[in-house]
Amino acid sequence: MSYNLLKGKRGLIFGALNDKSIAWRVAERAYEEGATFVLTNTPVSMRLGEIDELAKQCNTIVIPADATKIADLENLIKKGTEYLDGNFDFVLHSIGMSPNVRKGRKYDDLDYGLLSQTLDISAISFHKILQACRKHDAINEWGSVVALSYIAAQRTLYGYNDMADAKALLESIARSFGYIYGREKNIRINTVSQSPTMTTAGSGIMGFENLFDFARRMSPLGNATAEECADYVITLFSDLTRKVTMQNLYHDGGYSSMGMSLRAMKIYNEGLEYRDVKNDKTRS
Ligand SMILES: NC(=O)c1ccc[n+]([C@@H]2O[C@H](COP(=O)([O-])OP(=O)(O)OC[C@H]3O[C@@H](n4cnc5c(N)ncnc54)[C@H](O)[C@@H]3O)[C@@H](O)[C@H]2O)c1
C-alpha cells in the first residue's frame with residue numbers, strides 16, 4: 001500500500017545486489033511511495049546484471065561506484081544530481097563486506113590488511129559518502145541519511161568477526177556526522193540495526209542459519225524481514241521523523257531487549273537432555 005510518503009523526494013541508494021538485498025526492498029518501497037532516485041553499486045556487482053532489472057522496475061539508472069573511492073563518489077554525486085535535476089533528500093548506505101570473513105580468518109587470527117578493507121568498505125565508506133556529499137552540498141535541508149547496522153556493534157555474537165568492529169565504527173560515524181550535518185542543514189543521520197536477514201552478505205557470516213534461528217526464537221515479534229526493514233527506512237526518509245537523528249534504531253522484533261525467551265529455553269533444554277542421555281548422566 002502506498003501513502004505517498006516520499007512524493008517529490010529525490011534519493012541515492014547504495015547496495016542493491018539482488019532481490020534479497022535490503023537495499024533492493026528499500027528501492028521498491030521508495031518507488032511505491034513516490035520518490036525518484038538513482039541506484040549505485042560496485043562495477044563488479046553490476047556485472048552480475050540483476051540491478052539493471054531493479055532500475056527498469058523503478059524507472060531509473062544505475063551509476064557504478066566503489067564506495068571506498070572518493071573519485072567514484074564524486075562522479076556519482078555529480079551524475080546523480082544531474083539525472084535527478086536536484087539534490088538528494090535521502091541517502092541509503094546498505095554496504096557491508098568482510099574479506100576476513102570471506103577468507104575464513106577467525107577473530108583471533110585476523111589479517112590486518114583485510115581488517116582495513118573491512119573497515120573501509122563497511123564503515124569508513126559511510127564517512128566518505130557523507131563528506132563528499134557535504135563538500136558538494138548535495139543533500140537538501142531536512143534530508144535524511146540511513147545506514148544499516150547490526151547488534152554485534154554492542155554485543156558479542158559468536159562468528160560475526162571483524163564486522164562487529166565495522167558496525168561499531170559505522171554507528172559512531174552516524175553520531176559524529178549527525179551533529180555536524182544537523183546543526184548546519186537540519187540533515188538527520190541514523191543507523192537501523194536490523195535482525196539477521198537471509199541475504200548474500202548475511203549468509204556469509206559463520207553459523208548464520210543458527211544465528212537467524214536463535215534470533216527468531218528470542219524475538220517476541222520474530223525476525224524482521226528485508227521488506228519490513230524497507231518499511232521502517234521509508235518512515236525515516238519521510239517528513240514524519242524530522243527530529244530523529246544520531247540514533248541507532250533497533251528494528252529487530254524486540255531481540256535487543258531480551259535476555260532469554262521461552263522458545264529459546266525449550267531448545268536449550270532439549271539440547272541439555274540430549275547431551276545428558278548421550279553422556280549417560282542425570283541432570284542436577
Ligand atoms: N543480512 C543481515 O543479516 C543483516 C543484518 C543487519 C544489518 N545488515 C546490513 O545490511 C546492509 C546490506 O546488506 P544485505 O544484507 O542487504 O546484503 P547484500 O549482500 O545484498 O548487500 C551488501 C551490498 O554491499 C555492496 N558493496 C560491497 N562492497 C562495496 C563497495 N566497496 N562499494 C559499494 N558497495 C559495496 C555489495 O555489492 C552489496 O550490494 C549491510 O550493511 C549489512 O551489514 C545485514
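Predicted model: local features only at pLDDT ≥ 70, side-chain atom pairs only at ≥ 80, totals over all residues.

User: OK. How many helices and strands does the protein chain have?

Analyst: The protein chain has 11 helices and six strands.

User: And what does the C-alpha trace span along its principal axes?

Analyst: About 70 × 45 × 40 Å.

User: Now the ligand. Which residues come nearest?

Analyst: There are 27 residues around the ligand, and Ser-21, Gly-96, Thr-199, Ala-201 and Gly-202 come nearest.

User: Which element gives the largest share of that shell?

Analyst: Helix H8, with three residues. H8 covers 200-203; helix H1 (22-32) and strand S4 (139-149) also supply at least two residues each.

User: What is the split into nonpolar, polar and charged in the shell?

Analyst: The shell has 12 nonpolar residues, 14 polar ones and one charged.

User: Back to H1. How do the axes of H1 and H10 cross?

Analyst: H10 is the helix at residues 226-237, and its axis comes within 8 Å of the axis of H1, crossing at roughly 55°. The two helices are therefore oblique to each other. H1 passes H10 in a right-handed crossing.

User: Which residues meet there?

Analyst: From H1, they include Ile-22, Arg-25 and Val-26; from H10, they include Ala-226, Glu-227 and Phe-237. By class, this contact of H1 with H10 has nine nonpolar, no polar and five charged residues.

How values were computed. Residues numbered from 1 in each chain as written. Near = placed C-beta within 6 Å. Helix = DSSP H or I, 4+ residues; strand = E, 2+ residues; numbered from the N terminus. Nonpolar A, V, L, I, M, F, W, Y, C, P; charged D, E, K, R; others polar. Axes fitted to C-alpha atoms, helices over the stretch in contact; angles between N-to-C directions. Parallel < 35°, antiparallel > 145°, perpendicular 65-115°, else oblique. Left-handed = near helix turned anticlockwise from the far one by under 90°. Contact = placed C-beta atoms within 7 Å.
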